[in-house]
Amino acid sequence: PEGATVFQVIQIVAEIGGVKLKDLIMKNDRINGNLIVLLNKKDVSTIGGVEVVVSENDEVAILPHVQGG
């Protein structure tokens, strides 16, 4: 929706995706800390966080946080 933030877009996706997806994405009404959220291939934590407003044709991606070595 016009004027929606990244967080609001993720909430909508979680609701549309059903209980299993919502449980993976959201935790206590917040985005799961084990996920990386990208807006147009940039980590949202580097461009203002999940309250950044999404524009038409923007791409929001949710990726699992991977560690190891």
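Q: How far apart do the centres of the positive and negative side chains of the protein lie?
A: A friendly note first: this is a predicted model, in which local features need pLDDT of at least 70 and side-chain atom pairs count only at pLDDT 80 or more, while totals for chains, interfaces and linings use all residues. Residues are numbered from 1 along each chain as its sequence is written, and side-chain values use heavy atoms, leaving out hydrogens and water. Lys and Arg count as positive and Asp and Glu as negative, with His and the chain ends not counted, and each charge is placed at NZ of Lys, CZ of Arg, CG of Asp or CD of Glu. There are 6 positive and 9 negative side chains, and the centres of the two sets are separated by 9 Å.

Q: What share of the contacts between residues at least 6 apart in sequence join residues at least 24 apart?
A: A contact means heavy atoms within 4.5 Å. Among contacts between residues at least 6 apart in the protein, the share joining residues at least 24 apart is 50%.

Q: Is Thr5 buried or exposed?
A: Thr5 lies in the segment before helix H1 (6-17). Apart from residues up to four places away in sequence, it touches Val50, Glu51, Val52, Val53 and Val54. Buried means under 20% relative accessible area, exposed over 50%, and partly exposed in between, using a 1.4 Å probe and protein chains only. Since its relative accessible area is 9%, Thr5 counts as buried.

Q: Which residues does Val52 contact, leaving aside neighbours within four places in sequence?
A: Val52 is in the loop between E4 and E5, and at 19% relative accessibility it counts as buried. Its C-alpha is 21 Å from that of Lys22, 30 residues away in sequence. Beyond those neighbours, its contacts are Ala4, Thr5, Val6, Leu39 and Ile47.

Q: What distance separates the C-alpha atoms of Ser55 and Gly3?
A: Ser55 is placed in the loop between E4 and strand E5 (60-64), and it is partly exposed at 45% relative accessibility. Although Ser55 and Gly3 are 52 residues apart along the chain, their C-alpha atoms are separated by 7.2 Å.

Q: Which residue's side chain joins that of Asn40 in a polar contact?
A: Asn40 sits in the loop between E3 and strand E4 (42-43), where it is partly exposed at 36% relative accessible area. Not counting residues up to four places away in sequence, it touches Asn57, Asp58 and Glu59. A polar contact is a pair of N or O atoms within 3.5 Å; within protein, one must be able to donate a hydrogen and the other to accept it, and residues adjacent in sequence count only if both atoms are side-chain atoms. At 2.9 Å, the side chain that joins Asn40 in this way is that of Asp58.

Q: What is the phi of Asn28?
A: Asn28 belongs to the loop between strand E1 (26-27) and E2, and it is exposed with a relative accessible area of 71%. Most residues other than glycine have a negative phi. Asn40 has a positive phi of about 55° without being a glycine. Asn28, also a residue other than glycine, has a positive phi near 55°.

Conventions:
Helix = DSSP H or I, 4+ residues; strand = E, 2+ residues; numbered from the N terminus.
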